[in-house]
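Open the model in your viewer and keep the selection tool handy. We will go stop by stop, with something to pick at each one.

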Amino acid sequence: VTITTRLLVSHLSGIRHYEKDITKVKEEKEKANRAFKLTKPYQDKEEKEKEDTGIERTDSVKLRKEHEGEAKRQNSKPGRRDKEFEQEEYYLKEKFESVIDSLKIFKNDPLFFKPGDQFLYSTYGFTLLSAVVERVSGQKFTDYMLKMFHDLDMLSTVLDDNEAMIYNRARCYVYNKKGRLVNAPYVDNSYKWAGGGFLSSVGDLLKFGSALLYSYQAGHFKNTNVKLLPGYLKPDTVAMMWTPVSKTEVSWDRDGKYAMAWAVVEKKQQCGCCRQQRHYASHTGGAVGASSVLLILPEELDAEAIDTGLVAPPRGVIVSIICNMQSVSLNSTALKIAREFDKERLAQ
């Protein structure tokens with residue numbers, strides 16, 4: 001088979017995630033799909049009633065809770081990976097001196113499917129991708145990334161290295177089996193720098209989002225008299241990164257598809273007076289003792305405002321949330337915040 005970087009970046013490579021048993025992966029997907037089918041009609045009904053009346057109907061809430069309870073009994077609430085943190089490889093303590101060295105964890109394991117046939121979120125796929133970056137750039141992946149963060153003025157973004165003294169590093173927490181809050185266990189992230197090995201701040205993630213949004217929108221201003229510096233990436237590159245890829249799925253946002261390292265929701269409205277869907281890109285993060293999300297809601301730029309130079313990129317809403325708690329779902333909260341700020345802008 002052939003595995004391309006495009007397949008890796010869209011999780012279509014067939015490389016496993018933390019679970020080694022393909023049968024268990026299939027079972028969990030089937031459970032999640034069944035649970036989603038149970039809850040989806042009532043979520044849609046509730047959303048419609050809220051739009052019609054501006055309040056949440058009691059009967060709708062009751063029905064939704066009943067079916068969410070059924071979904072929980074099947075141990076498969078949509079959008080969550082409750083059993084993922086039970087995998088032993090999440091808690092590796094071995095220190096790998098290089099990205100190439102860490103490939104030994106999975107390099108001899110069989111592929112779960114033919115590359116390009118199915119979607120399977122894989123941290124190890126991004127470990128392999130980081131090895132490609134290392135070979136192409138001719139330098140260590142971590143050095144390459146830290147230089148990029150420096151260029152973007154993300155000075156608080158560093159390797160999550162347990163040995164290093166990192167100013168203002170937050171303590172991370174988990175709930176134990178008794179439901180009590182405890183310190184997160186020690187892990188060494190050197191096996192997955194690309195898939196969850198960096199520490200950052202809300203401010204730095206906002207800078208990262210702004211750089212991408214600026215790059216994405218800069219192409220709209222190429223025929224105007226407004227003089228702009230080039231984006232960190234080419235507009236076409238970001239547009240490609242934010243274009244949904246077929247056969248993909250997103251566990252944390254059922255409206256979205258996976259693109260290139262981003263979940264993307266496209267602008268859509270099927271009929272008049274029906275639900276309007278805005279274009280946005282997002283990605284959540286889950287680690288031992290921590291959760292995060294970065295969501296980018298681009299403004300729909302007005303051609304006249306662009307031509308007259310009344311606006312300049314970046315234009316839109318960027319929401320970043322970091323929580324030092326494991327298994328916290330943040331994407332829907334980020335989307336609600338983004339929509340509120342967008343409503344405020346439209347009202348002005």
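What share of the 348 residues of the protein count as buried? The figure is 38%, where buried means under 20% relative accessible area, exposed means over 50%, and partly exposed lies in between (1.4 Å probe, protein chains only). A word on what you are looking at: this is a predicted model, in which local features need pLDDT of at least 70, side-chain atom pairs count only at pLDDT 80 or more, and totals for chains, interfaces and linings use all residues. Residues are numbered from 1 along each chain as its sequence is written, and side-chain values use heavy atoms, with hydrogens and water left out.

**The whole chain**

Switch to cartoon view. The protein has eleven helices and nine strands; these are DSSP runs numbered from the N terminus, with helices being H or I of at least four residues and strands E of at least two. Of the contacts (heavy atoms within 4.5 Å) with a separation of 6 or more, 65% are between residues 24 or more positions apart.

**Start of the chain**

Select Thr-5, in helix α1 (residues 5-9). Thr-5 is partly exposed, at 40% relative accessible area. Leaving aside neighbours within four places in sequence, Thr-5 is in contact with Leu-129 and Val-132.

Move on to His-11, in the loop between α1 and α2 (22-53). Buried or exposed? His-11 is buried, with a relative accessible area of 2%. Check its backbone too: phi is positive, about 60°, although His-11 is not a glycine.

**An enclosed space**

Next, select Val-99, Ser-102, Thr-127, Ser-130, Ser-190, Tyr-191, Lys-192, Trp-193 and Ala-194, which line the largest cavity. A cavity here is a set of points, on a 1 Å grid over the protein atoms alone, where a 1.4 Å probe fits but cannot get out, and lining residues have an atom within 4 Å of a point. The count is one cavity of 30 Å³ or more, and the largest holds about 30 Å³ of space; grid points are joined across faces, edges and corners, and the volume is the space filled by probe spheres set on the points. At least two lining residues each come from α4 (99-102), α5 (123-137) and α7 (193-196).

**Two loops**

Select Pro-313 and Pro-314, which are joined by a cis peptide bond with omega of about 0°. Pro-314 sits in the loop between α10 (303-307) and β9.

Then pick Ser-327, in the loop between β9 and α11. Its phi is near 60°, a positive value in a residue other than glycine. Ser-327 is partly exposed, with a relative accessible area of 42%.

**Last stop: helix α11**

Select residues 331-347, the 17 residues of helix α11. Which of the residues in α11 are buried? They are Asn-331, Ala-334, Leu-335, Ala-338 and Asp-342. These cover an arc of only 95° around the axis, which puts them on the same side of α11; the arc is that of the directions from the helix axis to the C-beta atoms. Show β7 (280-287), β8 (290-298) and β9 (316-323) as well, as they are among what covers the buried residues of α11. Then turn to the face away from the buried side, which carries the exposed residues Lys-336, Lys-343 and Ala-347.

Technical notes: Expected span 1.5 Å × (residues − 1). 1 Å grid on protein atoms, 1.4 Å probe; cavity = no way out; pocket = protein on both sides within 12 Å on 5 of 7 lines; lining within 4 Å.
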